[in-house]
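I set out to record what I looked up in this structure.

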Amino acid sequence: MSAAESHILPVYSPPEQVFVRGEGCWIWDDKGDKYLDCIAGIAVNAFGHAPPFLVKALTEQAGKLWHTSNMFKVKGQEELADKYTRDSFADVVFFTNSGTEAIEGALKTARKYHSANGHPERIDIIGFQGSFHGRSYGAINASGNSSYLDGFGPRLPGFIQAPYGDLEEVKKLIGPTTAAIIIEPVQGEGGVRAVPDEFLRGLRKLADDNGFLLIFDEVQSGAGRTGKMWAHQWSGVTPDIMAVAKGVGGGFPMGAFMATKEAAKGMVRGVHGTTFGGNPLAMAVGNAAYDELSKPEFLEHVNTVANHLGQALESLKDRHPDLVVAVTGKGLLRGLKLKIDPKQIQAKLRDRKVLVGVAGDNVLRLAPPLVISEAEARQAVDAIDAALAAHMAEAGA
Ligand SMILES: *Cc1c(COP(=O)(O)O)cnc(C)c1O
């Protein structure tokens with residue numbers, strides 16, 4: 001590998017494996033070695049790798065029509081928007097190619113709402129410490145974390161960062177120029193932290209009392225990941241605007257933002273658009289993916305496996321009190337907060353042919369395909385157990 005210099009912009013630091021094929025929760029590298037995939041492209045491959053029903057949807061569409069742009073109606077968009085709105089708080093949907101574009105649209109929708117109401121001064125978006133909303137300028141400013149912002153020029157006006165989980169502090173930041181609060185119901189990159197229902201309820205009340213909007217970023221927590229279609233559905237609290245992506249395409253790049261009719265009132269003809277978003281290929285896959293996700297037995301499976309996984313991870317905490325601080329997250333988006341750099345355990349797991357992720361706050365992150373079986377989840381936990389034990393043995397030696 002070191003022979004030739006790579007021409008890829010060096011913003012990533014991948015390990016040496018090159019993956020060439022996948023099936024279900026398993027993925028093979030170019031040497032023929034087989035790995036159990038417990039990160040799924042970071043909560044993207046909800047149905048595992050190359051699920052036959054999505055391969056069929058994609059290839060059938062590929063033989064018919066790829067792209068027309070949004071200057072013409074895309075039938076698959078109409079169908080998928082009907083489904084998303086039928087089952088959620090939302091009335092209208094805009095399709096994007098990625099999570100950060102969905103966030104960008106959500107932020108624009110919130111500001112435009114106030115402008116349409118005669119309050120163009122209401123521009124402030126309040127985000128939270130440890131949040132991640134993507135890499136566009138709007139998204140990095142909404143998260144407010146310096147690791148994403150440093151060196152990219154002055155921070156945009158109209159973005160405020162609040163401490164995580166403190167409603168009283170949020171109250172202090174609210175004023176006549178507040179446009180919206182944006183929050184992930186389960187923080188992904190920030191450490192796989194599930195926001196308490198009580199906090200979401202508090203934010204909803206603040207928004208209602210003060211006439212601003214509530215935006216949920218469900219790019220990572222949505223699409224069945226926590227055992228409900230959208231994570232916020234556990235809390236009973238609904239947002240005015242929501243951004244989704246990652247799992248909704250089951251591996252095909254697509255996302256969306258959706259809103260109530262009221263919140264979207266400023267988004268009229270010509271004020272927003274995209275060339276590729278919602279193209280026929282994405283919509284063929286997105287519709288098939290959503291039909292599968294919305295089968296009651298599918299989410300039942302997620303909840304059953306998630307319960308087992310949660311208990312098994314708790315037992316790891318009991319077995320390794322010197323390394324494991326807490327089990328975090330929800331459903332099949334779980335974290336193991338460690339006392340050491342989780343990358344050390346991640347590497348050990350790769351040696352054991354199990355792929356996991358990491359997140360902020362020293363968290364080892366699990367986001368397996370939602371179709372993972374109990375036996376496969378058990379296999380992953382056994383491998384983590386062995387990796388933690390190996391670390392202890394080395395540290396003690
Ligand atoms: C991944 C992610 C994004 C950004 O999505 P991209 O498709 O990478 O642009 C935004 N918000 C959350 C919560 C995410 O996890």
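This is a predicted model: local features need pLDDT of at least 70, side-chain atom pairs count only at pLDDT 80 or more; totals for chains, interfaces and linings use all residues.

I looked up the second largest pocket and found about 710 Å³ of space in it. I noted that 28 residues line this pocket, and that Gln 77, Val 93, Phe 94, Met 267 and His 272 are the closest to its centre. I then asked which elements supply at least two residues each of the lining. Helix α3 (75-86) does, as do strands β4 (92-96) and β12 (255-259). By kind, I found 15 nonpolar, eight polar and five charged residues in the lining.

My search of the whole structure returned nine aromatic pairs. Tyr 84 belongs to helix α3 and Phe 95 to strand β4, eleven residues apart, and the pair links distant parts of the chain. I looked up burial as well: Tyr 84 and Phe 95 are both buried.

I next took Tyr 84 with Trp 230. Their ring centres are 6.1 Å apart and their planes stand at 85°, so this pair is edge-to-face. Trp 230 lies in the loop between β10 (213-217) and β11 (241-244), 146 residues from Tyr 84. I found Trp 230 to be buried, like Tyr 84. I also noted that ring pairs join Tyr 84, Phe 95, Trp 230 and Tyr 290 in a cluster.

I found the charged end of Lys 34 over the ring of Trp 26, 4.6 Å from the ring centre. I recorded Lys 228 over the face of Trp 234, 4.7 Å from the ring centre.

Note on methods. Residues are numbered from 1 along each chain as its sequence is written. Side-chain values use heavy atoms; hydrogens and water are left out. On a 1 Å grid over the protein atoms alone, a cavity is a set of points where a 1.4 Å probe fits but cannot get out, and a pocket is an open set with protein on both sides within 12 Å along at least five of seven lines; lining residues have an atom within 4 Å of a point. Grid points are joined across faces, edges and corners, and a volume is the space filled by probe spheres set on the points. Helices (H or I, at least four residues) and strands (E, at least two) are DSSP runs, numbered from the N terminus. Ala, Val, Leu, Ile, Met, Phe, Trp, Tyr, Cys and Pro count as nonpolar, Asp, Glu, Lys and Arg as charged, and the others, Gly among them, as polar. Rings of Phe, Tyr and Trp (its six-membered ring) pair if their centres lie within 6.5 Å; planes under 30 degrees apart count as stacked, over 60 as edge-to-face and the rest as tilted. Buried means under 20% relative accessible area, exposed over 50%, partly exposed in between (1.4 Å probe, protein chains only). A charge sits over a ring if NZ of Lys or CZ of Arg is within 6 Å of the ring centre and within 35 degrees of the ring normal.
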